[in-house]
Amino acid sequence: MIQDIISQLESKKDLDFYSMQSAVELIMTGEVDDLSIEAFLLALNEKGIKEKEITAAARVMKEKSLTFPLGNGDHIDTCGTGGSGLQTFNCSTAASFVAAAGGAAVTKHGNKAVSSKSGSADLLIAAGADIAHDREKLETIFKKVGFVFLFAPLHHQSMKYVMPARQKIGTKTLFNLLGPHTNPCDAKRQILGVYQKDLVKTFASVSKNLSMDHVLIVHGIDGLDEITITDLTHVAELKNNTISEYEISPKDFGLSFGTLSEISAQSPDDSLQLINEAFSGDKSAVQDMIALNAGAALYLAKKVHSIADGIEFSFELMNNGMAADKMASYVRVSNS
């Protein structure tokens with residue numbers, strides 16, 4: 001059956017919901033060999049992945065993941081697709097600590113790097129955190145810190161079947177698109193960065209299909225899967241079951257444009273140093289970019305009325321040391 005589906009994809013034909021669901025079900029139960037998984041993922045990439053296909057695959061992955069409830073349902077995630085290839089610092093992880101310092105409950109979903117030099121897990125390990133926890137410990141950390149990191153391999157154990165093919169391909173695939181839609185604590189509010197502009201509207205529709213509450217899908221015109229400091233950012237906002245699209249600029253919030261070289265990081269340690277400097281109050285393109293993304297996260301968490309208010313609050317939280325304290329507190333409690 002999987003060969004028929006691969007042939008359909010190689011003929012550039014979209015899969016219907018049922019066919020996609022069946023294919024991913026077979027793959028995630030270990031019934032498909034590595035070469036066929038590789039062929040399936042590459043053919044999907046070549047054809048172009050559609051909204052219905054992502055929704056079907058995300059549903060399967062959610063069913064297979066070890067989910068558990070945390071908080072009162074207002075918690076947020078800042079997990080994006082990765083895959084921009086631009087080697088920048090770990091902005092979404094930094095932003096999630098700032099948001100947590102501002103009172104947002106954060107269940108941050110993430111992984112080690114697959115197609116970049118530093119994934120969120122790599123950064124947290126560099127900071128000294130222990131990210132390998134059972135459910136009980138995760139609940140304790142969340143209660144004490146208001147932030148918890150959900151290391152994807154511990155919650156999506158069926159992903160082990162696709163790892164060899166993903167690593168061999170070495171570039172973004174369908175599974176980069178699924179991670180952000182499969183928060184183990186079922187976060188309904190999320191800032192979700194995508195690596196391609198045409199995924200913005202698609203992801204907003206997928207989020208709606210998956211009954212998300214309030215989501216900002218963002219893509220920097222420079223190629224980043226974040227709200228960027230170097231260019232305009234295209235946004236699709238899902239709120240009250242309605243999708244609106246708009247663009248934002250750093251200048252809308254009184255910030256200057258930065259350059260990609262100012263926000264680049266070549267390793268987890270490099271990324272951590274840039275974040276620590278921003279959290280120490282150093283004014284920079286890195287601090288501005290964290291504020292842009294944390295401001296959006298605080299808006300989603302209902303801690304402020306607008307992204308602009310969130311950005312202002314984010315600068316305060318970095319400059320007064322509260323963001324640094326939140327990250328240090330997470331590292332300490334994760335090791336206790």
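Biologist: What should I know about the model before we start?
Modeller: It's predicted, so local features need pLDDT of at least 70, side-chain atom pairs count only at pLDDT 80 or more, and totals for chains, interfaces and linings use all residues. Residues are numbered from 1 along each chain as its sequence is written, and side-chain values use heavy atoms, with hydrogens and water left out.

Biologist: Why is the pair of Phe149 and Phe151 called stacked?
Modeller: Rings of Phe, Tyr and Trp (its six-membered ring) pair if their centres lie within 6.5 Å, and planes under 30 degrees apart count as stacked, over 60 as edge-to-face and the rest as tilted. The centres of Phe149 and Phe151 are 6.4 Å apart with planes at 25°, so the pair is stacked.

Biologist: What makes Phe149 buried?
Modeller: Buried means under 20% relative accessible area, exposed over 50%, partly exposed in between (1.4 Å probe, protein chains only). Phe149 has 1%, so it's buried. Phe151 has 13%, so Phe151 is buried too.

Biologist: How many aromatic pairs are there by this rule?
Modeller: The count comes to 4. One of them is Phe97 with Phe147, stacked at 4.2 Å centre to centre and 25° between the planes. Both Phe97 and Phe147 are buried, and together with Tyr330 they form one aromatic cluster.

Biologist: How do you know that the charged end of Lys172 sits over the ring of Tyr195?
Modeller: The rule wants NZ of Lys or CZ of Arg within 6 Å of the ring centre and within 35 degrees of the ring normal. The charged end of Lys172 is 4.8 Å from the centre of the Tyr195 ring, and sits over it.
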